[in-house]
Amino acid sequence: MEITPGNIMLIVAILLFFSVLVGKAGSKYGMPALLAFLGIGMVAGVDGFGLQFDSAVQAEFIGMISLCIILFSGGLDTDFKKIRPVLAPGLVLATLGVLVTTVLTGVFIHEMMRVLLPEFAFGWAESLLLAAIMSSTDSASVFSILNSSGVGLKQRLKPTLELESGSNDPMAYLLVILLISVIESGEALTGKLFFDSALTLVMQLGVGVAAGFAIGYATVKIVNAINSSNEFLYPVMVIACCFFAFTLTGLCGGNSYLAVYVAGLVVGNSKLALKRTIATFFGGFTWLVQIIMFLTLGLLVNPHELLVIIVPGVLLGVLMILIARPVAVFLCMAPFRQFSFKAKAYVSWVGLRGAVPIIFATYALMSPQVVHARFMFNIVFFITILSLLIQGTTVNTMAKWLGLDEVVDKKIFNVELPEEIDAVMHEQTITASDLADEMFLSEMTIPEQTLVIFIKRGDKYIVPKGNTRIYIGDKLLLISDKEKLAKA
């Protein structure tokens with residue numbers, strides 16, 4: 001079945017509908033939703049219901065737009081106060097960690113292919129290219145699984161993992177582009193080439209960070225100055241600024257993916273008009289583009305082609321999970337004593353692969369000089385599935401087994417105040433120590449400049465008065481003056 005303008009809306013509707021249903025069902029059994037989306041795409045493809053989609057160019061374009069939104073949204077939801085203490089280890093993992101993983105994996109690929117599949121034996125450039133494609137952890141997978149798991153992590157592990165996954169794509173991208181250019185030009189891997197590449201890396205990272213900060217601050221100024229009565233225009237303006245960050249950074253010679261993440265970080269940590277509306281919009285929009293991206297990549301693969309790479313794929317996947325990733329993590333995090341051995345082991349385990357490696361593999365597909373590019377794509381796709389199946393389904397289990405999980409207080413009242421209001425909302429559950437017999441709300445001791453605005457009792461929400469009786473187990477929503485609360 002070919003995708004045509006006449007049936008594309010029906011096809012998209014069916015795919016999205018079943019993706020949501022399967023994703024919801026899979027989450028009950030600990031299966032990452034993104035893996036379900038990939039599976040739906042594969043079932044709908046040529047080896048399933050017959051949808052024909054084989055354009056690496058279109059897949060790369062869809063992936064680029066999707067990653068732009070996902071990275072910006074990831075930065076938007078990241079509290080800079082939480083990542084500041086882990087800035088150094090996160091950035092070391094995102095740069096040196098990617099390089100170490102690439103070298104170790106590349107050596108293994110070079111030797112393994114000569115033994116297992118001589119007809120696909122790669123030279124050093126091809127081996128390192130395949131390793132570089134798979135070297136970065138995937139921000140979409142990490143953000144999705146960590147944010148939906150509902151489990152807290154000790155030792156600031158969650159911001160560390162989110163920072164690494166959000167900022168390690170530039171290093172992997174540069175390695176992939178460099179190695180493809182080496183293959184296309186026929187150059188040897190010389191010291192001069194590595195030196196020139198290091199300079200390019202520094203320039204791309206520097207320009208990317210600078211452009212991200214500049215466009216992020218400009219976005220805040222523009223959005224706060226709009227002063228429109230239509231609140232739905234604000235998210236549209238933020239999307240425009242997000243795309244500006246991506247495209248203008250590329251034109252200036254910087255890394256666009258890093259720029260959009262930094263821009264999102266700046267916007268998310270600044271005072272912004274209608275911030276809640278913007279965050280809510282990006283939350284839903286991010287899930288939409290993630291579904292579309294994974295469906296597209298699932299359609300692009302031909303499942304019958306994966307049969308020939310099961311053995312090398314499993315061996316390579318095991319090496320990356322159990323050797324290459326742990327070696328890179330322990331090497332990079334050795335100077336940072338605030339992380340225990342168990343914490344480093346957990347970071348080693350949550351090296352999830354996802355959409356980013358598959359999108360990078362489409363770059364090889366688009367280069368006619370890359371020998372066996374389709375084989376590379378299939379290897380990357382297989383290892384992504386393996387990573388999501390093994391690592392993605394055990395994120396919570398591994399945290400509990402290592403004793404790194406912690407209880408996260410879930411908000412009962414989903415209420416937030418605009419940032420321009422100098423007050424704070426907080427919750428309190430009434431216990432026996434808070435309550436005397438026959439106590440009314442007016443008899444409770446609460447801080448000055450604090451009001452109780454809602455009471456949740458069972459499934460009921462009560463607007464309180466002074467003569468409202470309070471019971472053990474009641475959940476109170478309070479609003480307080482920030483300064484008064486800080487002094488209390």
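**Exercise 1.** In this predicted model, find the place of Ile-310. Then decide: is Ile-310 buried, partly exposed or exposed?

*Solution.*
Step 1. Ile-310 sits in helix 14.
Step 2. Its relative accessible area is 37%.
Step 3. Buried means under 20%, and exposed means over 50%. Ile-310 is therefore partly exposed.

**Exercise 2.** Which helix gives the most to the nonpolar surface patch?

*Solution.*
Step 1. List some members. Among them are Leu-104, Ile-310, Val-311 and Val-327.
Step 2. Note the area. Together the patch residues have about 1000 Å² of accessible area.
Step 3. Look for the helices. Helix 5 (87-116) and helix 14 (310-333) each supply at least two residues.
Step 4. Helix 14 gives the most, with 8 residues.

**Exercise 3.** How many salt bridges does a search of the whole structure find? Describe the pair Glu-164 and Arg-325.

*Solution.*
Step 1. The search finds 3 salt bridges.
Step 2. In the pair of Glu-164 and Arg-325, the closest N and O atoms are 2.7 Å apart.
Step 3. Glu-164 lies in helix 8 (residues 157-167) and Arg-325 in helix 14, so the pair ties together parts 161 residues apart in sequence.
Step 4. Both residues are buried.

**Exercise 4.** Arg-457 forms a salt bridge with Asp-474. Which partner is buried, and which is partly exposed?

*Solution.*
Step 1. The closest N and O atoms of Arg-457 and Asp-474 are 2.8 Å apart.
Step 2. Arg-457 has a relative accessible area of 27%, so Arg-457 is partly exposed.
Step 3. Asp-474 has 2% relative accessibility, so Asp-474 counts as buried.

Note on methods
Residues numbered from 1 in each chain as written. Predicted model: local features only at pLDDT ≥ 70, side-chain atom pairs only at ≥ 80, totals over all residues. Heavy atoms only, no water. Patch = residues over 30% accessible without salt bridge, like charges linked within 9 Å, V, L, I, M, F, W, Y side chains within 5 Å. Areas by Shrake-Rupley, 256 points an atom, 1.4 Å probe, with all protein chains shown as cover. Salt bridge = Lys/Arg side-chain N within 4 Å of Asp/Glu carboxyl O. Helix = DSSP H or I, 4+ residues; strand = E, 2+ residues; numbered from the N terminus. Buried < 20%, exposed > 50% of the residue type's maximum accessible area, 1.4 Å probe, protein only.
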